[in-house]
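Look over the sequence and the structure below. Then read on for a short tour.

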2 protein chains.
Amino acid sequence: MSRSAPDPSRAWQLLVKFFFAQREHLPARGEAFELSPVQCHVLHLIEPERPMAMGRLAETLGCDASNITGLVDRLEDRGLVQRQPSPEDRRIKVIRLTPTGSRVRTQLLRHVTSSARPLSRLSAADQRALIRILERLVDEQ
Amino acid sequence: MSRSAPDPSRAWQLLVKFFFAQREHLPARGEAFELSPVQCHVLHLIEPERPMAMGRLAETLGCDASNITGLVDRLEDRGLVQRQPSPEDRRIKVIRLTPTGSRVRTQLLRHVTSSARPLSRLSAADQRALIRILERLVDEQ
DNA sequence: TATTGTTATACTCTATAACTATA
DNA sequence: TATAGTTATAGAGTATAACAATA
């Protein structure tokens with residue numbers, strides 16, 4: 001194994017390649033639930049009993065706020081989430097999972113486990129290392 | 001550190017979360033080049049002097065073949081790639097980088113390096129570990 | 001007949017800009 | 001004035017289905 005300085009761009013390229021290559025198997029596609037990748041991601045992000053303001057959602061998704069309106073519209077039409085005006089600041093609307101949304105979220109997370117085959121092929125040590133590194137990356141920003 | 005069996009779905013969740021969280025910084029967005037994420041990915045995938053059939057591109061991107069037509073149309077309109085009918089099988093068209101496309105690809109890869117800051121924050125050992133694990137994942141499918 | 005790529009269609013995601021309601 | 005969310009608009013990505021050219 002090389003001990004020379006690692007190349008961060010190499011990791012980026014691999015991450016992008018892996019992510020795109022796995023999209024078809026990626027539970028985030030949520031084909032079984034007829035949900036788009038972004039819709040799945042939103043369902044991951046909003047935990048039951050922990051509603052999120054629409055603006056916060058835009059920040060987290062890294063997209064313009066105007067997109068959230070349609071995104072939430074579609075999720076609301078399907079009965080997965082609900083808009084609630086914030087009592088403190090009536091400009092703000094928070095998004096809350098409905099009981100159905102909460103149930104679908106649980107199924108989705110369960111589905112992830114059964115579809116994570118390529119990751120399961122890693123050794124236990126590698127899986128632990130990957131999780132540790134990713135946790136560091138996700139928390140650190 | 002826990003020694004219990006690692007949870008592959010945890011790694012998936014983290015990967016998805018990380019990927020979405022980083023999209024705004026992700027060079028794959030290629031804002032500097034006015035390229036969409038998928039267009040950037042195609043430019044990564046097609047190496048200079050190694051043209052790729054449209055069908056192969058659809059497979060690699062994991063999308064329906066009908067999308068490739070428009071995708072390649074837009075790249076062709078911008079002078080980044082060229083369609084060439086295959087001499088052996090005239091149903092097949094291969095996509096080749098133009099000199100401009102090749103140049104943009106190089107700039108894009110260079111841009112990756114300078115934007116990979118969140119990954120640079122990892123220790124050298126973690127970076128090496130991440131690259132090793134990802135290489136295993138990408139090759140293993 | 002089967003395969004490669006295209007076209008037509010419809011929907012989702014995305015950004016920008018102008019707008020409304022609230023602070 | 002500034003902020004949160006909406007609307008209008010335009011363009012890109014995506015899937016399905018029907019099609020043409022080629023094998």
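How accessible is A:Asp89: buried, exposed or partly exposed? A:Asp89 is partly exposed, with a relative accessible area of 22%. Here buried means under 20% relative accessible area, exposed means over 50%, and partly exposed lies in between (1.4 Å probe, protein chains only).

## Ground rules

This is a predicted model, where local features need pLDDT of at least 70, side-chain atom pairs count only at pLDDT 80 or more, and totals for chains, interfaces and linings use all residues. Residues are numbered from 1 along each chain as its sequence is written, chains are lettered from A and ligands numbered from 1 in the order in which they are written, and side-chain values use heavy atoms, leaving out hydrogens and water.

## Chain A in outline

Chain A has seven helices and three strands. These are DSSP runs, numbered from the N terminus: helices are H or I with at least four residues, strands are E with at least two. Along the sequence, the pattern reads α-α-β-α-α-β-β-α-α-α.

Chain A has 141 residues, and 45% of them count as buried. Now take its contacts (heavy atoms within 4.5 Å). Of those with a separation of 6 or more, 45% link residues 24 or more positions apart.

## Salt bridges

A salt bridge is a side-chain nitrogen of Lys or Arg within 4 Å of a carboxyl oxygen of Asp or Glu. The count over all chains is 14. A:Asp89 pairs with A:Arg91 in one of them, with the closest N and O atoms 2.9 Å apart. A:Arg91 is exposed, at 74% relative accessibility.

In chain B, B:Asp89 and B:Arg91 form a salt bridge, 2.9 Å from N to O. B:Asp89 is partly exposed at 22%. B:Arg91 is exposed at 73%. Shared partners also build a network: salt bridges join A:Asp73, A:Glu76 and A:Arg83.

Another salt bridge links B:Arg56 and B:Glu59, with the closest N and O atoms 3.6 Å apart. Both residues sit in helix α3 (residues 54-61) of chain B, three residues apart, or about one turn of the helix. B:Arg56 is partly exposed at 45%, while B:Glu59 is exposed at 55%.

## Two crossing helices in chain B

Which way do α2(B) and α4(B) run relative to each other? Their axes come within 11 Å and cross at roughly 80°. Axes are lines fitted to C-alpha atoms, for helices over the stretch in contact, and angles between N-to-C directions run from 0 to 180 degrees. The two helices are therefore roughly perpendicular. That label covers 65 to 115 degrees; under 35 is roughly parallel, over 145 roughly antiparallel, and the rest oblique.

B:Val38, B:Gln39, B:Val42 and B:Leu43 of α2(B) meet B:Leu71, B:Arg74 and B:Leu75 of α4(B). These contact residues divide into five nonpolar, one polar and one charged. Ala, Val, Leu, Ile, Met, Phe, Trp, Tyr, Cys and Pro count as nonpolar, Asp, Glu, Lys and Arg as charged, and the others, Gly among them, as polar.

Seven of the nine residues of α2(B) are buried, so this helix is largely enclosed by the rest of the structure. Among the buried ones are B:Cys40, B:His41 and B:His44.

## The largest nonpolar core

A nonpolar core is a set of buried Ala, Val, Leu, Ile, Met, Phe, Trp, Tyr and Cys residues joined through side-chain atoms within 4.5 Å. The largest one holds 30 residues. A:Leu119, A:Leu130, A:Leu137, B:Leu119, B:Leu130 and B:Leu137 touch the most other members. Helices α1 (8-22) and α7 (124-139) of chain A, and α1 (8-22) and α7 (124-139) of chain B, each supply at least two residues of this core.

Look at A:Leu130. Leaving out residues up to four places away in sequence, A:Leu130 touches A:Leu119, A:Leu122, B:Ala11, B:Leu130, B:Ile133 and B:Leu137.
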